[in-house]
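Hi,

Here is the structure I promised to pass on.

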Amino acid sequence: MKVKTDEALENFLGAPGEAWFTGARIKSVRDQPLTPGGRTRLTLFERADASGRAHPRMQLSTPPATDPDPREPLLDPSVELTDRASFTAWVEGALRTHARYLAGDDLARGHAAAQAGSARFLVNSVRGQRVAALFRDARARLSALVEHRGWDEAERVACERALAVLEDESYAGDLEYDDSDTGTYHSYGKDHPFVHYLERILDGLPREGSKPFVSLAPAQQLAVRSQREQARRHLDHLMRHKYAYEGVRETDIERSVGGFLIDRRTRNMVSETPESAAGLVPAYELLRVKPGADRPDAGAYLYRAGDQLRRCEDHRLAEGLSAEQLRRIPVPDERLTFRRAPNDEALRANVRLDWDRNGYVQPGKIGWVGWAGHCDIKAIMESLGLTLLDAPEVHEYRADTGSVTRFTRAHLIEMLASVMELGSVYQYADGGGTLERGVHHFGGFRNDSRPDRIQFRGHARGKHFRWPLSGRQDIFVVKAIETAEGERLNMDTVFFRNLPDLEAIDFAPNPRFLKTVEGDYNLIDVTGHLLHAVAKVDEIDAGGYPVQRSEAVTIDLRADAEQTRYFLGTHIKDAAKREIYRLYLDRAAGSIVAELFRWTVGDGAEGFTATPVPGENVTIPLASPVSATLSREMKRDDPSAFRKLLELATRTGQSICTDTDMEAEVWNGVVTHIQLRKRGANEDAGVEHWEVHVKARFGEASLKYLVRRDARGEPFAWCPAIGEETRGMTIDFLWQDFPDVASKGIEDGEWVVNKTMLERGLVELRDAPHEEGGFYVTDDHIKNVFELIFSGLAGYRHTIVHNNKRYGFKDEASWREAKRRLRALRDALQFEGPGADDPWPASTAPEPEPEPADEAADQPADQPADQPDADPTNEAEADAPTGVQEPETGASEPPEGASPS
């Protein structure tokens with residue numbers, strides 16, 4: 001079927017040029033800067049050069065707020081300064097006199113200069129600028145005194161130290177930060193990953209071969225096809241790796257994840273092969289009634305549900321099927337994904353999948369951090385004020401299908417989150433390396449719950465033995481250490497590089513500390529010591545699955561140790577074969593011994609039992625006498641790691657994010673309050689005691705530390721003022737992120753492409769020797785998403801997609817009039833060929849009256865519109881959902897790629 005080339009088609013395609021069509025071409029305005037949230041500058045498209053069209057690129061920044069009442073100077077220039085004492089008194093007097101002004105008290109809530117959602121940013125930013133200006137003037141005066149009044153170096157150094165101390169104290173205090181909530185964090189046991197908007201986009205694209213599809217120009221048909229494929233890959237990846245409705249249970253994957261396990265290529269449900277059912281590594285297949293079978297359902301795809309065969313199309317039983325009539329088609333693991341269907345009655349029980357791809361299926365729930373969602377993206381969006389509290393929506397009409405899609409605030413938040421999740425890492429188009437864009441600050445020690453590690457010295461470099469072999473969480477934890485004399489070491493501080501003396505406000509080097517490796521593993525010498533630890537020991541349960549249990553472990557490295565053989569723990573050699581090593585320290589032989597056991601089902605035995613495999617044991621010789629070091633992942637040892645982020649927050653007013661739970665793997669949230677206090681000082685030692693308390697989206701935590709200053713007042717050494725194992729909520733890390741997410745772009749004259757988008761198939765890269773740069777990137781899907789975000793945030797709340805190009809309206813009446821005229825023009829089109837007389841698809845029925853406003857519109861401005869258990873797919877819709885990609889490829893325009901047009 002094809003559309004007739006006649007006057008009706010000419011009128012339809014030429015509609016945007018008519019006077020009644022008042023929509024703005026989004027392509028022409030989409031690179032304009034936006035300020036959602038009131039403090040963040042956002043651009044969504046960037047021109048690679050002055051003449052080229054704008055490519056998708058999300059860039060964010062938070063410029064300093066403009067001070068509505070700048071006053072300079074705050075330091076009286078007429079005061080005579082003769083020495084350090086008079087200089088310090090001069091600065092302290094100005095700080096007291098202008099205390100309220102410096103604190104920004106004149107910029108209280110409701111100030112005319114404050115932007116909606118960013119009132120606290122105005123105060124914090126201006127406060128930081130005012131304090132900085134005072135100390136900048138003070139340092140300028142000091143330089144003049146040295147240069148023109150002949151102050152000596154000692155006086156200058158003393159004044160510099162006084163300024164450093166006073167400045168740090170001036171930025172201390174209580175700071176509140178803007179607190180607005182996106183209402184979700186994608187997803188943690190809910191139906192909240194950023195998949196719903198993708199389903200809407202896919203559902204609404206014109207179906208290939210339909211009247212809406214063939215009414216498009218040929219180039220636009222190719223673009224729609226490309227967009228569908230790319231959006232489908234985007235959704236498939238998220239469903240396979242990010243979606244989990246009730247957590248993840250690998251032995252009951254469909255019901256826990258909340259989706260049907262399907263083949264990406266055919267979109268049909270897959271089944272585990274009967275041959276793999278007894279093992280720990282499932283294999284999969286598509287089942288199909290042979291097309292030539294003498295059955296009404298010949299060619300239909302089936303799936304196994306227990307001992308039944310059912311049709312993929314409608315879940316009906318397929319009865320009376322012989323083995324000869326069934327075709328089995330192998331499906332590799334990389335082609336698997338899920339079709340979202342939480343709580344669907346047809347979800348199969350006990351379907352297995354190695355979800356985390358660790359080599360085998362395991363019983364029980366996968367640790368939540370492996371799937372829980374994206375609290376980090378929630379934190380970024382809230383720190384930047386991208387919470388869309390004004391409840392923007394986009395009502396989009398497709399002129400080809402005649403349908404309207406309503407993208408609500410919830411969908412736009414999903415779009416922003418899904419874009420940020422794609423990251424800011426790029427690879428050069430020629431494959432010659434990677435680079436990172438954007439601004440990324442991190443401070444602290446991410447708690448990965450990595451195990452303690454004991455290293456035994458071998459006979460030569462590279463021959464040492466470190467236990468445990470894997471980094472699995474908490475698999476080996478030392479609980480106590482005793483010296484040869486029987487003294488129990490303080491586990492709170494034994495791994496620190498410096499040891500605190502809080503009473504004296506001082507600290508000194510830890511004589512046991514050797515060095516820090518891998519960023520945050522501190523190493524100490526434990527030769528000649530007795531270690532008491534807890535190990536997680538691997539076994540195979542009666543059902544044949546790997547399980548763990550905790551076991552107390554003692555390792556005696558003292559010279560007079562009575563025992564000669566010490567159990568260290570276990571290591572899985574091959575889960576599929578159910579083979580596990582048990583490792584021992586054999587002090588008598590001076591070696592590590594790994595004994596292999598294989599679990600099998602014996603004759604007449606119930607369940608699996610372990611059998612030694614002595615021929616595959618491994619012995620690793622050690623140096624004599626046995627010596628060892630012990631290392632631990634540190635979480636508090638170096639408070640200086642937090643300095644940059646704390647200064648950024650307290651001195652610029654920008655929001656930051658934190659993980660406030662050192663016990664959990666990750667629990668990110670935007671910081672809403674910082675209390676910074678100086679608790680005391682030891683002037684003789686040059687040491688100060690500071691405390692930071694933060695409140696954040698998901699909790700609150702503290703950081704207590706000692707800092708030593710040099711002669712000029714610059715901090716140069718730090719020590720925790722609390723033990724490593726002391727309970728309580730301690731700041732794990734602080735961070736800030738300004739993502740820079742593009743599909744493609746030019747960096748230093750070379751084309752780059754987003755690495756994650758390319759790996760997931762969201763964009764496609766091909767060699768194009770005749771294009772500028774020699775490469776071509778197809779990014780129809782991503783461009784569409786960026787344009788939808790732009791439309792919603794730029795005030796184009798009503799849009800029309802005509803011949804796959806997007807137009808925006810700020811006036812709903814004009815949009816409705818354009819819809820009415822376009823529908824009439826479309827209905828006048830004539831078709832020829834098979835199907836030409838078929839009616840337009842049912843989804844293009846006339847639009848009913850407008851649906852009720854979204855609940856978000858009725859929310860107060862300072863209250864999140866969506867609660868975490870809201871389902872953004874349940875809103876009433878005017879017509880069948882639809883979305884669109886605008887590939888910029890009209891009949892007279894070349895497709896958009898990596899080269900500027």
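You'll find threonine 273 in the loop between strand 7 (271-272) and strand 8 (284-289); helices (H or I, at least four residues) and strands (E, at least two) are DSSP runs numbered from the N terminus. Leaving aside neighbours within four places in sequence, threonine 273 is in contact with Ala283, Tyr284, Glu285, Arg304 and Arg328, where contact means heavy atoms within 4.5 Å.

Some housekeeping. This is a predicted model, so local features need pLDDT of at least 70 and side-chain atom pairs count only at pLDDT 80 or more, while totals for chains, interfaces and linings use all residues. Residues are numbered from 1 along each chain as its sequence is written, and side-chain values use heavy atoms, with hydrogens and water left out.

Now the overall picture. The chain has 16 helices and 46 strands, and its C-alpha atoms fill a box of roughly 95 × 95 × 55 Å along the principal axes. Of the 901 residues, 56% are buried. Among contacts between residues at least 6 apart in sequence, 69% join residues at least 24 apart.

On to the cores (a nonpolar core is a set of buried Ala, Val, Leu, Ile, Met, Phe, Trp, Tyr and Cys residues joined through side-chain atoms within 4.5 Å). The largest has 71 residues, and Leu44 and Met58 have the most contacts inside it. Helix 15 (residues 780-794) gives the most to this core, with eight residues. Apart from it lies another core of 39 residues, including Phe495, Leu531, Leu557 and Leu596. Beyond four places in sequence, the contacts of methionine 58 include Leu42, Leu44, Leu416, Val419 and Phe786.

Helix 15 also packs against two other helices. Its axis and that of helix 12 (residues 409-421) come within 10 Å and cross at roughly 135 degrees (axes are lines fitted to C-alpha atoms, for helices over the stretch in contact, and angles run from 0 to 180 degrees between N-to-C directions). That makes helix 12 oblique to helix 15; angles under 35 degrees count as roughly parallel, over 145 as roughly antiparallel, 65 to 115 as roughly perpendicular and the rest as oblique. Leu412, Met415, Leu416 and Val419 in helix 12 meet Val785, Phe786, Leu788, Ile789 and Gly792 in helix 15.

With helix 9 (residues 218-241), helix 15 packs at about 85 degrees, the axes being 7 Å apart. That makes helix 9 roughly perpendicular to helix 15. Here Ala223, Ser226, Gln227, Gln230, Ala231 and His234 in helix 9 meet Asp780, His781 and Asn784 in helix 15.

What about helix 7 (residues 196-204)? Eight of its nine residues are buried, so helix 7 is largely enclosed by the rest of the structure. Its buried residues are covered by elements including helix 9, strand 13 (394-398), helix 12 and helix 15.

Setting aside neighbours within four places, aspartate 556 is in contact with His529, Leu530, Ala561, Tyr566 and Arg587.

Cheers

Notes: Buried < 20%, exposed > 50% of the residue type's maximum accessible area, 1.4 Å probe, protein only.
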